Amino acid sequence: MQPNIIIADDHSIVRKGMKFILQSILGYNTITEVSTCNELMNEAVKKRCTHLLLDVIFPDGTSLEVIPNIKQLIPNIRIVIFSMQLPEVYSEAFRQYGVTNYLSKSISEEDTIAYLKKFLNNETALPVTGNMPSKNNPFATLTPRELEILHYVLNGQKTKMISHTLNVGMSTISTLKKRIFEKTETDNLKQLLELALLYNINF
Amino acid sequence: MILFDISYRSYLLYIFIAFIVCAAGWYFIIWPFFKKHILIREKLRLFFERRNREIKQKNEELEKNNLIKTRLISIISHDLISPLKFIHMNTKNILENKDKMSLELQHEILSEVANSSKELELLSTNILNWIKYQNENRRLVKEEFDLHEMVNQIFSIFRGLARQKGITFVNTIHKGMILYQYMEPVRIVLYNLILNALNFTEKGSITITGGETKKGILIKVKDDGIGMTHEQINNILSEYFIVSSINVDKRKGNGLGYLIIKDLLKLVNAKFVIKSKKDNGTVVTIFLPI
C-alpha cells in the first residue's frame, strides 16, 4: 500500500524541504502538510494517514499532548519525531508514548534520506539519530508529563493558565512544576530558563 | 520644731535647684547631642532606604533584560537557524535536482524560499532594533521629520506581503505633517504595529491616522483583523509578557513586537492604548508628548 504521509511542522520552509525529499527523491506522492496540532488532528483522521513526520513544538502546544489522541484514533499510524530538540531529552519521553523513531533535524541530508527510506518501508528498530548525546543533561530525567508542562513554564505561563490550556487541575500542575524544579535543581524560573538555554531546550 | 522646719524647706530647695541644674544640663548639653544623633540616624535610614529601592529597581530591570535575552536566544535558535538551514537545503536541491522535480514543486519551493527569507529579514531587523536600544548611555535627540513620508516608507517594506494577502494600506496622515520627535523610536514602533496588524488580518485594510492635541501627537493604527480579547490585551500589557509567547488564536507570534513597542515607548515617555474586540479589528493609539 502506498504510504499516506503527513508532515507536521510550524515552518513551511521545513515542510517544503521534506516534501521535496519524499516526492522527488523517494517518490511518494500523497503528502499532506499541517502547521498546528489542531490541524494535525483534523487532517490525520480525515486523510487516513499511515505515516506521520512530527515536530515537537507547535504554536498551539507540543506533540506530547497529541500523540496519545492520534494513537487512539489511528492505532496503526507510524510516527517519526523530526525535530531540532535533543533526542537525549525527548526520545525517552516519546518512547513511553510508544514512539521510538526519532530523527534529528541537525543531521545531514543524506542520513535524513536514508532514515526516511527505512521508516517509510516500515522497517522497525531504527536507531535514534543525532549528535553525541550529553550524558548528564538535567532535563533527560523528566517524564513526558513534566516535559509537557516544562514547555509552558519556560514560556512564562502561570499555573492557572497551564491548567486552563491543558484542562488539568491546578494542584496537579503545581506538583509537576515542583518536580521539574527539583529534578533540575533550580530555585526559580530565571535559573530554569538559563539551564534550558545551556542544554539547548527550545521552547 | 522650727529648726527642723527650716532645714526641711532648704532641703527641698536644694533638691529643687539640683533638679533645675540637671534638667538644664540635660537640655543644653546632652539633648542636643542626642538630637543630632537621632537626626543623623534618621537621615541615614532614609538614605539607605532610597538606595535599597534604587538597587532593587535596577535589579528588576537587569532581570527583565536577562529574561528578554533568554527569549531572544530561543527565538534565534528556533526561528532563525532552522529556517536558514532549510532555505539552504531547498535552494541547493533546486540547483542540483531540477530535473527530478515537477515544475509545480519547484515553484512551490521557490515561493516558500522567498517568503521565508523575507520573514527572516523582518525578524532580524527587529532583533537588531531591540539590541540597539539596550545601551545605557544612548543619547536620544528629538528631530524634525515628515510623518506622512515615514508611514509611506514603512508601508513600502510590507507592500509585497500585503499584496499577497489582498490587504490595502491607507495613509490618512496629511502630507507634510512635520513632527519634532524621537524619529527612530517612532519609526520602529510604527513598523511593529503595522507588522502586527498585517500578521493578524486576513482581508480588509490597515489605516494609519494622525492628529495633534495641545499636549502631544496621537497616531492610530487600525486594522480589520481578528482582534483580541480583553484577556489577550491584559496579557500584552502585563509585566510578565516579556517571556510569554502566547499566540493570538494559535497563530505564530513570538511576542517580540510588543516587547519592543513597550520598551521604546517607555524610553520616550509615550503611552499607548489598545482597543479591540474579538473578530472586530484592533485600534492601537500611541500618544507622544510634546
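## Where the two chains meet

Together, chain B and chain A bury about 3200 Å², and 63% of that lies on carbon and sulfur atoms. Buried area here is the accessible area (1.4 Å probe) that two parts lose on being put together, summed over both. Keep in mind that this is a predicted model, where local features need pLDDT of at least 70, side-chain atom pairs count only at pLDDT 80 or more, and totals for chains, interfaces and linings use all residues. Side-chain values use heavy atoms, leaving out hydrogens and water.

The contact (heavy atoms within 4.5 Å) draws 39 residues from chain B and 35 residues from chain A.

## Bridges across the contact

Three salt bridges link chain B and chain A; each is a side-chain nitrogen of Lys or Arg within 4 Å of a carboxyl oxygen of Asp or Glu. One of them joins the side chains of B:Lys92 and A:Glu109, at 3.2 Å from N to O.

On the side of chain B that touches chain A, the elements giving two or more residues are α1 (2–96) and α2 (103–132) of chain B. α1(B) gives the most, with 20 residues. Helices (H or I, at least four residues) and strands (E, at least two) are DSSP runs, numbered from the N terminus.

## Strands in chain B

Now for some strands! Two strands pair if DSSP finds at least two bridges between them. Strand β2 (residues 167–171) of chain B runs parallel to strand β4 (residues 204–212) of chain B, over five bridges. Within this pairing, B:Val170 has B:Thr207 as its bridge partner in β4(B).

β4(B) also pairs with strand β5 (residues 216–223) of chain B, in the antiparallel sense over seven bridges. Here B:Ile208 stands opposite B:Val221, and a hairpin of three residues joins β4(B) to β5(B).

Methods. Residues are numbered from 1 along each chain as its sequence is written. Chains are lettered from A and ligands numbered from 1 in the order in which they are written.
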